[in-house]
Amino acid sequence: MTLAGWLQIGLILGLVALTTRPLGLYMARVFSGERNFLSPVLGPVERAFYRLAGVAPEREQNWLSYTIAMLVFSAAGFASLYAILRLQAFLPFNPQHFDNVPPDLAFNTAISFLTNTNWQAYSGETTMSNFSQMAGLAVHNFLSAATGVALAIAVTRAFARHSATTLGNFWVDMTRATLYVFLPVSILIALAFIATGVPQTLAGSVDATTLEGAKQTIALGPMASQEAIKQFGTNGGGFFNANAAHPFENPNAWANLLQIWALLAVAFGLLVTFGKMVGSEKQGWALFKIAGLVLVGAVVIVYAAESIGNPLLTQLGLDPAGGNLEGKETRFGLALSSLYAVATTGTSCGGVNAMMDSFTPIGGLVPMFLMQLGVITPGGVGSGLYGLVVFAVITVFIAGLMVGRTPEFLGKKIESREVKLAMLAVLILPLSILGFSAVAAVLPSSLSSLANNGPHGLSEILYAYTSATGNNGSAFAGLNANTPWYNVTLGIAMILGRFGYVAPLMAMAGSIAAKKKHPGSLGAFPTDGGLFVGLMIGVILIVGGLQFFPALALGPIVEHFLMFAGKTF
Amino acid sequence: MLAHFRPAVVLLALFTLLTGLAYPLAMTGIASVLFPWQAGGSLILRDGKVVGSALIGQNFASARYFHPRPSATGAPDPKDPSKTVDAPYNADNSSGSNLGPTSKALIDRVKTGVAARRAEGWTGPLPADALTTSASGLDPDISPENALLQASDVARARGLVAGTVRNLVLAQIQKPWMGFFGEPRVNVLKLNLALDGLK
């Protein structure tokens, strides 16, 4: 660890903190339907979209209708993306003449992009045409992000409204998120990326003759436009196999700064949006502190673990000052690689600028654990906010048990039905992660996909199902996941993690919206102070820890001790 | 439920046109005017021919050139396309080694690399980047320590004075902004081009 490293981490996180409030307040205006500085340009586009789609923007939906609209939209997205991938060879913008994507891979990829996971069982430069990348994958980078934000805004309205039956209109929220938030900012980010060196061309590749006379084929494509929304929508699906470690996707420290800012900005900003819309900006900042403190704690651990490095390599003569550089890029070094790993798994981004599989055991454990907490620090765009709200409900319930009062959150009484629905949502994670991992750990056909032996092999399996269920998409990428077993089971895990979580969540939101909103009663436990922040961090860590500690002990934790004991596999 | 079909299908179609075609094609058009060199892949030309990209590493095996980091990229085996063979710096198939910290394959590879460097006369602790593969397999940079250690070997192979090559390396070091932002590094392709330019 060096002072320069900490300064780099501090600079980037400071920049995120600076933009949180303006972005959050802007989004609060957008989703309250107020005019903003983009309305003169985008208002006519928005109204034209509603007219063509037959949407009456003032007609609101109850929780069930809102959820069904979201599901129908996702199903339509799945069908169109699956078709594009299966018919790729007959579609335009295919300079490398890639073949159609096989059925199991197309299924996995379509689910992956429409659930905002962006798990990639394929390698972009050898599988996907420019048309598939732009009109297939990148479209869902926008729409899955907008869907997540819409759901979070619906949950926010449940707490903001008094005895309400409706939560807003899904089509309106989704359209506004895309038009007013994701598209305009992505244009700016894409331009900045191109300036730092990210290619943006319709050419498929270019051939170079190296100084030693060899031929080098350099893959190209319309990358910057996709990279922008990939980060800003916490999608994480790379244009190339190496994702944001590829020098074209992430050419230097400045591009890297922008990447990390973009993947954290909306998720943190939405916490302020939540506070503003429920009438207590302070409540939003309390959630900000909870997510922020866990995130910073995680960066400290990963940066320390990667700096201590791998004793098995330093014993061979490598300079210990270099830390663990296997699977890391020279231009990012340890600090920016560690920060990226934590930011990408604290959110549902899942892009990587270093190979997680080659991190030290503890450096790899922390990203995995962040996802097992439910991807809420600060989580994906939208999904992070609603995940934090679920934990807030559980926290006030536990606090209520301790002091013997009916728990309240933001003036809404939390009763048995809400707590049961919140727990139902939270328990989807261990069900899918541990269930699938347990089966995969004994099936010969799934074990043959492992790239590493010993406890690290188990970590590869556990990481895959954690990432899929958490809708994250990063990987211990040595695992060969492009097999029918993994394509199908990881696809199901992604569906469970998104829709299995959202269904009870929206039912809870519907039930909360219908309740009366009491003005803060004197006996209620304050949920915007330091005590609540500490208690909720404790609840998050304990719930996550109790569920996953035994599995982690068999993977990264035992590997850590074996590494220091000099054992190899 | 049927009432949701029209908005679902129409909005999906409209957003596909807007975010899937209009947005990337507009960015491509703007990029070709504002930043044509970057948008095209930061290609480096020598005598009118593309010799590589400033951002993408390339393989150097000759003793007359500085060497990049080891690369884990592969390519389909020409004899059996279902298998892959090592193909360092294959810029059409980026990949890291994905070997975990307790992997025997990783330890053995580093051990072989260390023995080779010791045979070349490298002493003391070795720069970690010289013996580890990068995440992309296309890392264009090496650390300044790594480059300086290679300088005397390259000078000898070219019959140059060691100090000249050393000065060339020092001139090619990209320093962090304000002394802290970014890592100090040397772009191997640019360094080797500068080396070829010495006469």
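**Packing around helix α6 of chain A**

Student: Which hand is the crossing of α6(A) and α18(A)?

Tutor: Left-handed. Keep in mind that this is a predicted model.

Student: OK, at what angle do they pack, and how far apart are the axes?

Tutor: About 25 degrees, with the axes of α6(A) and helix α18 (residues 484–513) of chain A 7 Å apart. Angles under 35 degrees count as roughly parallel, so α6(A) is roughly parallel to α18(A).

Student: Which residues make that contact?

Tutor: From α6(A) you have A:L151, A:A154, A:V155, A:R157, A:A158 and A:F159, and from α18(A) there's A:V502, A:L505, A:A509, A:I512 and A:A513. By class that's 10 nonpolar, no polar and 1 charged.

Student: And α7(A), how does α6(A) pack against that one?

Tutor: Helix α6 (residues 130–160) of chain A meets helix α7 (residues 170–196) of chain A at about 120 degrees, and their axes are 8 Å apart. The two are therefore oblique to each other, and α6(A) passes α7(A) in a right-handed crossing.

Student: Which α7(A) residues are in the contact?

Tutor: A:F170, A:D173, A:M174, A:A177, A:T178 and A:F182. On the α6(A) side, the contact residues include A:F142, A:T147 and A:I153. Sorted by class, the contact of α6(A) with α7(A) has 12 nonpolar, 2 polar and 1 charged residues.

Student: Switching topic: how many residues does each of chain A and chain B put into their contact?

Tutor: Chain A gives 100 residues and chain B gives 87. The chain A side that touches chain B splits into 55 nonpolar, 35 polar and 10 charged.

Notes:
Residues are numbered from 1 along each chain as its sequence is written. Chains are lettered from A and ligands numbered from 1 in the order in which they are written. This is a predicted model: local features need pLDDT of at least 70, side-chain atom pairs count only at pLDDT 80 or more; totals for chains, interfaces and linings use all residues. Axes are lines fitted to C-alpha atoms, for helices over the stretch in contact, and angles run from 0 to 180 degrees between N-to-C directions. Helices (H or I, at least four residues) and strands (E, at least two) are DSSP runs, numbered from the N terminus. Angles under 35 degrees count as roughly parallel, over 145 as roughly antiparallel, 65 to 115 as roughly perpendicular and the rest as oblique. A crossing is left-handed if the near helix is turned anticlockwise from the far one by less than a right angle, and right-handed if clockwise. Two residues are in contact if their C-beta atoms, placed from the backbone, lie within 7 Å. Ala, Val, Leu, Ile, Met, Phe, Trp, Tyr, Cys and Pro count as nonpolar, Asp, Glu, Lys and Arg as charged, and the others, Gly among them, as polar.
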